[in-house]
Amino acid sequence: MSITFYPEMAPVIGYRLVDHLGGISELFAEYSEAVARLDELHASDAVLPGCTDPESARAYGATIEAVTSDGEDVPDLNVSNANAATLLDVLGFSGECSGACSAEDFLGRVLTAEALSPQDAGVPAHQVGASPRVIDCGRRAGYIQERLEELRVIAEWARAHDRRVQWA
């Protein structure tokens, strides 16, 4: 399980099919058009233009992707639930595994955390509980400071684009 931090999504301008193997379709204005094209693609055993591995594309199939007015350069950060809980605690959102706030508020919390948090010493890998045996892989030294830098980029981007910062 994980939690992702990201700016609020921009308006959707269309939909396209992608196969994550280089294949990409034209842009469809309506979701129903993309669904119809996906059905045609599966029925014909064809692949999308630009696909670099047709055999794998046929096996795994294409998916529908929403395209927003932001394009593809929107920053985000995905971290494990345990690391997200630590980050959220540092930011003053203890126990809030999903939420949103203004970019200004989020940026202020990140800058405060960067200024006040001691250098992260990390957490060594360790066993949690006796039965069943579960290993917590820990966290490397400096991890929190690295993630705070990434969260600052997200907050600054969201502020520049008049968006809220969300996490879920």
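Which residue forms a salt bridge with Arg140? The partner is Glu146, and the closest N and O atoms of the pair are 2.6 Å apart. Here a salt bridge is a side-chain nitrogen of Lys or Arg within 4 Å of a carboxyl oxygen of Asp or Glu. Salt bridges with shared partners link Arg140, Glu146, Arg147 and Glu150 into one network.

A word on the basis of these values: the model is predicted, local features need pLDDT of at least 70, side-chain atom pairs count only at pLDDT 80 or more, and totals for chains, interfaces and linings use all residues. Residues are numbered from 1 along each chain as its sequence is written, and side-chain values use heavy atoms, with hydrogens and water left out.

Across the whole structure, 11 salt bridges are found. One of them pairs Glu65 with Arg16 at 2.7 Å, N to O. Glu65 belongs to strand β3 (residues 63-68) and Arg16 to strand β2 (residues 12-18), so this contact ties together parts that are 49 residues apart in sequence. Strands (E, at least two residues) and helices (H or I, at least four) are DSSP runs numbered from the N terminus. Arg16 is buried at 15% relative accessible area, whereas Glu65 is partly exposed at 24%; buried means under 20%, exposed over 50%, and partly exposed in between (1.4 Å probe, protein chains only).

The backbone has its own points of interest. Most residues other than glycine have a negative phi, and most peptide bonds are trans. Asp162, however, has a positive phi of about 55° and is exposed, at 71%. A cis peptide bond joins Ser131 and Pro132, with omega about -5°.
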